[in-house]
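Subject: Structure handover

Hello,

Here is the structure you asked about. Please open it alongside this message; my notes follow below.

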Amino acid sequence: MARRFQTTRDGRVSLQLDPAESAFLADMVAMLESVGQVEGDPGEKRLNVPAYLGDAEAAEDWRQRMGDRIEIGRSGDRDVLRSAIETEGRVTLQPEKAEAILRVVNEARLVLAARLGIEVESDYEQLDPGGIVALHYLGLFIEDLTGELSRML
Amino acid sequence: MTSPAPVIDSHVDEATDKDRPWQVVVWDDPVNTIPYVIYVFRKLFGYSERKATKLTMEVHHEGRSAVSDGPREKVEAQCYQLHAYGLWATIEQT
């Protein structure tokens, strides 16, 4: 089985996904696009944690100044992943694009876990098999890509 | 003989308070993996693998770790970067 990620000699990262993986990651992008559309979404709460604890005014001020930048960055990261999964065969990425994919896949794992009710370690024991498989796959994806990108530090 | 009651100069306290450095704290969460957090600390702060691992394990075992400090503007920008990577980070004064 081909490795999902490979670092090229010129310092880029190549990515090979099979159709099932591409379809699942496309679902994850769609899930992220839905964040914030429903009131009380635990995924939104997890992504938008306050920067100041016990100081709502400072937290809101920080959110006003940084919130848009974070959202723009996340949207750009989703575009990079969307483009990669729409490309057939192996796609070769500049390191900053691989970095974007790392962020967005981690973001998907955070949102999915929050929506599945993961708040503490023991909550994993309550997951249904589908949730376990999805979080495990995303975790492996992150681990593999982190390994490749760590070699460039 | 009774000593005069100390006079507290609130202006001095205010200035001292303002000068206290700020720090960015990363909190433990059950989803971000240890290798990912180590990578983010190395990537964003340029820490050695050893230092990044030490801080990550502190987050994991102690529940939180102050990963950087300095002027408020600096730690606010670092907090923004950590949030962009999905870490649960907050800012506080030391």
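First, a term: two residues are in contact if their C-beta atoms, placed from the backbone, lie within 7 Å. Keep in mind too that this is a predicted model.

**Confidence**

The predictor gives the complex an ipTM of 0.94 and a pTM of 0.91. Chain A has a mean pLDDT of 94, with 99% of its residues at 70 or more. Within chain A, the element with the lowest mean pLDDT is β1(A), at 90. The highest is helix α4 (residues 95-115) of chain A, at 98. Chain B averages 88, and 82% of its residues score at least 70.

**Where the chains meet**

How many residues does the contact take from each chain? Chain A gives 27 residues and chain B gives 18. On the chain B side, α2 (34-45), α4 (72-84) and β3 each supply at least two of the residues that touch chain A. By type, that side of chain B divides into 11 nonpolar, 4 polar and 3 charged residues.

**Helix α2 of chain B**

This helix deserves a separate look. Its buried residues are B:Tyr36, B:Val37, B:Ile38, B:Tyr39, B:Val40 and B:Phe41. What covers them? From chain A, the cover includes α4 and α5 (129-150). From chain B, the cover includes α3 (49-62) and β2.

α2(B) has 12 residues, so at 1.5 Å a residue it should span 16 Å. Its end C-alpha atoms are 16 Å apart, which agrees. Just after the helix, B:Gly46 takes a positive phi of about 70 degrees.

**The rest of chain B**

Chain B has 4 helices and 3 strands. From the N terminus, the order is α-β-α-α-β-α-β. Of its 94 residues, 34% are buried. Among its contacts with a separation of 6 or more, 69% join residues 24 or more positions apart.

Now the strands. Strand β1 (residues 22-27) of chain B pairs with strand β2 (residues 64-70) of chain B over 6 bridges, in the antiparallel sense. β1(B) also pairs with strand β3 (residues 89-93) of chain B, antiparallel again, over 5 bridges. Which residues partner B:Gln23? In β2(B), the bridge partner is B:Asp69. In β3(B), the bridge partner is B:Glu92.

**Chain A**

Chain A has 5 helices and 3 strands. Along the sequence, they follow the pattern β-β-α-α-α-β-α-α. The C-alpha atoms fill a box of roughly 50 × 35 × 25 Å along the principal axes. Buried residues make up 28% of the 153 residues in chain A. Of the contacts in chain A with a separation of 6 or more, 68% are between residues 24 or more positions apart.

The strands form an open sheet in the order β1-β2-β3, with antiparallel pairing. β1 (5-7) and β3 (91-93) are the edge strands, and each pairs on one side only. Ignoring direction, neighbouring strands of this sheet are turned by 25 degrees against each other on average. β1(A) runs antiparallel to strand β2 (residues 13-15) of chain A, joined by 3 bridges. There, A:Phe5 has A:Leu15 as its bridge partner in β2(A).

**One residue to look at: A:Asp77**

A:Asp77 is found in helix α3 (residues 56-86) of chain A. Is A:Asp77 buried or exposed? The cut-off for buried is 20 or more other C-beta atoms within 10 Å. A:Asp77 has 23 within that distance, so A:Asp77 is buried. Leaving out residues up to four places away in sequence, A:Asp77 touches A:Ala100, A:Arg103 and A:Val104. A:Val105 is 28 residues from A:Asp77 along the chain, and their C-alpha atoms are separated by 9.2 Å.

Best wishes

Definitions and conventions
Residues are numbered from 1 along each chain as its sequence is written. Chains are lettered from A and ligands numbered from 1 in the order in which they are written. This is a predicted model: local features need pLDDT of at least 70, side-chain atom pairs count only at pLDDT 80 or more; totals for chains, interfaces and linings use all residues. Two strands pair if DSSP finds at least two bridges between them. Ala, Val, Leu, Ile, Met, Phe, Trp, Tyr, Cys and Pro count as nonpolar, Asp, Glu, Lys and Arg as charged, and the others, Gly among them, as polar. Axes are lines fitted to C-alpha atoms, for helices over the stretch in contact, and angles run from 0 to 180 degrees between N-to-C directions. pLDDT is the predictor's confidence in each residue, from 0 to 100. A residue is buried if 20 or more other C-beta atoms lie within 10 Å of its own, exposed if 12 or fewer, and partly exposed in between; C-beta atoms are placed from the backbone. The expected span of a helix is 1.5 Å times one less than its number of residues.
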